[in-house]
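Open the model in a viewer and keep the selection panel at hand. The stops below go from the whole chain to single side chains.

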Amino acid sequence: MIQKTPAEIVLIKKACEITRDALVFAKTLIKPGISTLTLDNALEKFIIDCGGSPACKGYEGFPGATCISVNEMVVHGIPSEDIVLEEGDIVSVDIVVAYKGYHGDAARTYAVGSVSEEKQKLMKVTKECFFKGIENIRIGDRLGKLSNAIQTHAEQNGFSVVRELCGHGIGKRMHEAPSVLNYGKPTDGPIITENAVLAIEPMINAGKKEIGMLSDGWGIVTRDGKPSAHYENTVLFTREGLQILTLEETDEYHKW
Ligand code: MF3
Ligand code: CO
């Protein structure tokens, strides 16, 4: 794993703060009637006003500033004028901010108005998967311990884990080694080292795990059409413990 220097960590932390603030701002805009493109444009402006830049824009040709994925869309939704949020939808917003050459990456899934009990449970369990994953994880552990905890929690709740997509190291580049799988054996994977920075991002389906790609070459959707949720934070591993760099100040888990 790549060990970040203290100077690099300062810049990653700033990128992560902007990412988190943009997600908090996104939450205030999510209402029935807003298109995902309007949301994306507002987020792009917000990120730039904060001194960052939206790293997804132009990444391998991605057209949006952020990824916005509704209901059965798992991730990588291209923001569109034609996708208008409706009461009862769930929408995941995935933001990567670059700041002075370093990156922060986080995602949240929000409810649009009131949503079904199944969707509420899916959002709750997906967030819990992240926290179950990092519980009791420290430097020297195998990453598989985290992956296995995520999978176990999702499946215990009757949900499934997307296999084809995963979390990743992050720093100078949006995607660095290692891959952070959301499933697997506790004895698998690399050993977590000091000052590693990882984006940990469970993608959990209410139905079956199989996915497909839209003809736009980006949008990932569930094959069975059931909803999917995404929850992601950028995390720093230090000798004193783990710091969640993109967590909202008001989050109930802030004690972490
Ligand atoms: N945020 C995504 C991730 O966690 C990356 C988005 S792909 C992009 O890996 F093309 F939109 F950048
Ligand atoms: Co990511």
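This is a predicted model: local features need pLDDT of at least 70, side-chain atom pairs count only at pLDDT 80 or more; totals for chains, interfaces and linings use all residues.

Residues are numbered from 1 along each chain as its sequence is written, chains are lettered from A and ligands numbered from 1 in the order in which they are written, and side-chain values use heavy atoms, with hydrogens and water left out.

**Whole chain**

Start with a cartoon view: the protein has four helices and 15 strands. These are DSSP runs numbered from the N terminus, with helices being H or I of at least four residues and strands E of at least two. Along the principal axes, the C-alpha atoms fill a box of roughly 45 × 40 × 35 Å.

Colour by accessibility next. Buried residues make up 55% of the 256, where buried means under 20% relative accessible area, exposed over 50% and partly exposed in between (1.4 Å probe, protein chains only).

**Metal site**

Select ligand 2, the cobalt ion. Which residues coordinate the cobalt ion? They are Asp 105 (OD), His 168 (NE2), Glu 201 (OE) and Glu 232 (OE), at 2.1 to 2.3 Å. Donors are N, O and S atoms within 2.8 Å of the metal (3.2 Å for Na, K and Ca); water is not among the atoms, so sites may look incomplete. Along the chain the donors follow the spacing D-x62-H-x32-E-x30-E. Asp 105 lies in strand 5 (residues 102-111) and Glu 232 in the loop between strand 13 (228-230) and strand 14 (233-238), so this pair ties together parts 127 residues apart in sequence. Both Asp 105 and Glu 232 are buried.

**Nonpolar cores**

Now select Phe 130, Ile 134, Ile 200 and Ile 244, which touch the most other members of the largest nonpolar core, a set of 29 residues. Such a core is a set of buried Ala, Val, Leu, Ile, Met, Phe, Trp, Tyr and Cys residues joined through side-chain atoms within 4.5 Å. At least two of its residues come from each of helix 3 (117-134), helix 4 (143-156), strand 9 (197-200), strand 14 and strand 15 (241-244). Helix 3 gives the most, with seven residues. Apart from this core lies another, of 21 residues; Leu 43, Val 70, Val 93 and Ala 106 are among them.

**Salt bridges**

A salt bridge is a side-chain nitrogen of Lys or Arg within 4 Å of a carboxyl oxygen of Asp or Glu; the count comes to 13.

Select Glu 176 and Lys 4, whose side chains meet in a salt bridge (2.7 Å, N to O). Glu 176 is in strand 8 (residues 176-180) and Lys 4 in the segment before helix 1 (6-29), so the pair joins parts 172 residues apart in sequence. Glu 176 is buried at 9% relative accessible area, and Lys 4 is buried at 4%.

Move to Asp 251 and Lys 127, in a salt bridge at 2.8 Å, N to O. Asp 251 sits in the segment after strand 15 and Lys 127 in helix 3, 124 residues apart.

Finish with Arg 20, Asp 21 and Glu 249, which are linked in a network of salt bridges.
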